[in-house]
Structures are given as structure tokens and as C-alpha cells.
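Q: Please take a close look at one part of this model. Keep it brisk.

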Amino acid sequence: ARVEGVISERAARLSDEERELLAAASVLGESFHAEVLAGLVEKGKREIVRSLSGSLARKHGLVRALGVDRVAGVRLSLYEFRHQLFHRFFYESLDQVERGMLHEEAAGVLLDLFGDDTAKVALQLAHHYCAAELEEEAVEFLYLAGREARRGVANAEASSHYRAALEILDQIQNRSGELPDRWQPLRQDIRMALGEVLLLDGEFASARSLFEQALSDSANDDRLQQTRLLIRIARSHEREHRHELAMDSLDRAAEKIGDGFDSSSKAEMSEWINVRTARLWLCYWKGDVEGMTRVIDEAQHIIEEHGSQTQKRNFFGGLAGLRNRQDRFVPSDETLEASNRAMQAALSSDNLIDRADGVFGTAFFYMLRNDLDRAGELMQQSLEFARRSGDRTLQAR
């Protein structure tokens, strides 16, 4: 109470305009940008900077300048409250209606400032929309913030943002008894994205639960979505070496994509290939050489012509695995050539998981050939990719 009294006494020395400026700034957070604050209070940037760096910093000691940020190419002047209690005092000086209105307006300023390039401020936008109780916008920007965190390989942050978005959707469903149709596709995407993060973290059962929920809620006529989900369910089983359950899910995925398969559709062709590459590796883990041979004979020319770099990495890695078994684990030059093709495809991909897996596979074959210097060099490179991607399983391997 004594501290609050001191802060209140200091705030009383401010002009009405200065108090309103700091109250608006408090909505932006303990640290904030002058340009965003200027848009929020509808004043010029120079005037705001003069007030912040002038009387509010030097005379009253309530804020301080931290420097300049550049976010998505936009130059921003960064300030912060000198103490979190100053921030809390001015934020709590606003009633619930004022806070909600200012949070909504702050989101509008960010949208105007960053235009189409809002990914870098997605978390700020999500925060403001949550505080303004605008659920639809909050969910969309939490999802975007999660994707941005994943792009930066911040898996814990991505997981947190995805979970927060799903929690809001659950609240909407609990209020109305069911989730409105317009929300269903977004919830599917968020569940899949969170499931992918959990797979990397080794939380296979939790990931599978999300994929199964999404599969249960998917439209019966959405063959592509159901195929994607069944492939991911199979992957979660495979990571736990539950090979028969994984194969059952892949069989169901093959039925879905094979029902009216349109080879002229790029999306359908991609999922057709994904089923085959997943089956190839599952046969590898089961030691099913005949099954691997069937997949290779069926899919090789199609993958070489239509496959992405990720799919080629998966396929040629599997082909090398088959030849390695046939070589009785003393890899021939032909086996190493296939593995190097997988590694080159992986290194041509922007995906860190591709790079980690592709380099690891080739390192493994060099190790079996007793070329330990080259194996060690590639293993270290793969480990770095695996750390950056957050793939715990591959780090352990």
C-alpha cells in the first residue's frame, strides 16, 4: 500500500494528457513502441517521442528509452516503464470497458502499421484481441503466432500458442453446445500443427490423440484431410514401434486416397506418394524386404517425376535401407549412392527435419562402411540440424 501511495503521488504530478498517454501505453505492455502508441492516441510520432523522452523520462522518471527495433522492415522506437508496478498502476487505472476498447484499437494500429506482414507481431495481435474478447481474431492470430514460433524452432512457444487457441475454441463450443461450422477447418489445422510439435517432442500418445480428434471431426467427403491425418496417426504408432497399428492406419489412408484417385491433382498425388514413403519405412522397421520392394517398384518413377524434395529424401533413404539389408549391413557403393541422393534432396529442402534425417542416414552408412571420420563429420552436422529442429528422437539416435 505504501508503494502504491508513492506511485499515486507521483502520478498526481502529471498533466491529464500525460496520464492518458501512459494509460494508453500500459495497454501495449511493460515495453512498447512509440509509433504504435502514436497511432493509438492519434498523435504525431515526434510529439509522442518528445513526451516520452522528455518530461515522462527525465522529469518524472516513469519510462525510459531502450533504443530502436526493426520489425518486418518497420523502424520502431522502443520504450519501457521503469518498473512493472508503474505499468500495473496505469493499466489498472483503466476500467474494463476502456481496456477492451484500447486493446481493440491497438490491434487495429498494428494491422495498419504492418499491412500484410503481420506474422512478426501475431502474438501481440492475439494478446490484444484476447483482452478485447474478440475470439475469432484471437484464435486466428494465436495460430499464426504458433506457426511463426515453429518457423523459428521455438517448439515450446508454438505449443503454448496452439493450446491457447484450442482452449478458446473449446470455450466457444461449451457455450453453444457445438462449434460453428466456420471454425471447424481452423481447429483441424491447429490440432494438426500442435500434433506435429508433440511428435518432435516425443509426446507420441498426445500427438496421436489430437490427430484422432481431428479425424473424428473431419467431414466424411474430405478424403485428403482424412488421408493426411491417418498418415500422421501411423507415424505416431511407428515412433513407438507399434508397427501393426501403424500399418492398419496406412492401409486406411491408402483406401481413402485410392477412392477416386485423380492423378492430375497435385494435392492428391502428393498424398498418394506420402502413403507409399510411409509404408516403405514401416516395412524397413519390420524387416519386410518384399514389402519394401513392392513399394519401390510401384512408386519410384512417380516419385522421381512428381515428388517434392522431402518425398525424395524419404524414398531414396528407404531405397538405401533396402539395399543395405540386402548387403547384410555392409553397404555397397550402390547403397551409398542411393543414400547420397537422399541427402542431396534433404539439403535442397528448407525443412530442418529433412536435413537432419537425410544427413543422418548417410552418416549411418559411412559408419557401417567403417569410414568413421566421414561418419563423425556428418553425424555432427545432423545433430546440429536435429537440435535446431527440436527433434528429440533423432538427437538421441
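In which kind of crossing, left-handed or right-handed, does α16 pass α18?

A: First, the basis. This is a predicted model, where local features need pLDDT of at least 70, side-chain atom pairs count only at pLDDT 80 or more, and totals for chains, interfaces and linings use all residues. Residues are numbered from 1 along each chain as its sequence is written, and side-chain values use heavy atoms, with hydrogens and water left out.

The crossing of α16 past α18 is left-handed (the near helix is turned anticlockwise from the far one by less than a right angle; clockwise would be right-handed). Helix α16 spans residues 309-326 and helix α18 spans residues 352-368. Helices here are DSSP runs of H or I, at least four residues, numbered from the N terminus. The two axes come within 10 Å and cross at roughly 20 degrees. Axes are lines fitted to C-alpha atoms over the stretch in contact, and angles run from 0 to 180 degrees between N-to-C directions. That angle is why α16 counts as roughly parallel to α18 (angles under 35 degrees).

Now the residues. From α16, the contact uses T310, R313, A320, G321 and N324. From α18 come I353, D354, D357, G358, F365 and L368. Contact means heavy atoms within 4.5 Å.

By class, this contact has 4 nonpolar, 4 polar and 3 charged residues. Nonpolar covers Ala, Val, Leu, Ile, Met, Phe, Trp, Tyr, Cys and Pro; charged covers Asp, Glu, Lys and Arg; the others, Gly among them, are polar.

Definitions and conventions: Helices (H or I, at least four residues) and strands (E, at least two) are DSSP runs, numbered from the N terminus. Angles under 35 degrees count as roughly parallel, over 145 as roughly antiparallel, 65 to 115 as roughly perpendicular and the rest as oblique.
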